[in-house]
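Me: I have a model to read. Please take me through its features.

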Amino acid sequence: KLPKIGEVKMRMSRPVPDGFLLKQIRVVKRASGYFVQLIYQLAVNIPASPIHGHPLGVDIGLDSYLATSDGELVKRPRFFNQLHGQLKSLQRRLKNKKKGSNFSR
């Protein structure tokens, strides 16, 4: 029985696992028909992983691209500026070529 829908016939494709609690039901309409997605919850205790290594804080800013809590500053990478001249010359060569010709590749 589903709210706003009422009684619904269903075929269980697999049994409900032991110890799981039903949390949510989603009714999905596909081209091949209606399907129901059942979302279960299981109470499992996951042990906390021990903290190891060196903690590091990272800040992304405007003056420097990256600043760490250790005082390291990383400059902003300038990929476009390095290749700008090459891009200009390639665009100048491309503007007069015909699309689909051997020379436009």
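Me: Which strand gives the largest share of the lining of the largest pocket?

Reply: First, the ground rules. This is a predicted model: local features need pLDDT of at least 70, side-chain atom pairs count only at pLDDT 80 or more, and totals for chains, interfaces and linings use all residues. Residues are numbered from 1 along each chain as its sequence is written, and side-chain values use heavy atoms, without hydrogens and water.

Strands are DSSP runs of E, at least two residues, numbered from the N terminus. On a 1 Å grid over the protein atoms alone, a pocket is an open set of points where a 1.4 Å probe fits, with protein on both sides within 12 Å along at least five of seven lines; lining residues have an atom within 4 Å of a point. Here S2 gives the largest share, six residues. The lining has 21 residues, and Met10, Arg11, Ser13, Phe35 and Val36 are the closest to the pocket centre.

Me: How do S1 and S2 pair?

Reply: Two strands pair if DSSP finds at least two bridges between them. S1 (21-30) and S2 (33-41) pair in the antiparallel sense over nine bridges. A hairpin of two residues joins them. Valine 27 faces valine 36 in S2.

Me: How many aromatic pairs does the structure hold?

Reply: Rings of Phe, Tyr and Trp (its six-membered ring) pair if their centres lie within 6.5 Å; planes under 30 degrees apart are stacked, over 60 edge-to-face, the rest tilted. The structure holds one pair. Phenylalanine 20 and tyrosine 40 sit edge-to-face, 6.3 Å centre to centre, with 75 degrees between the planes. They are 20 residues apart in the chain.

Definitions and conventions
Helix = DSSP H or I, 4+ residues; strand = E, 2+ residues; numbered from the N terminus.
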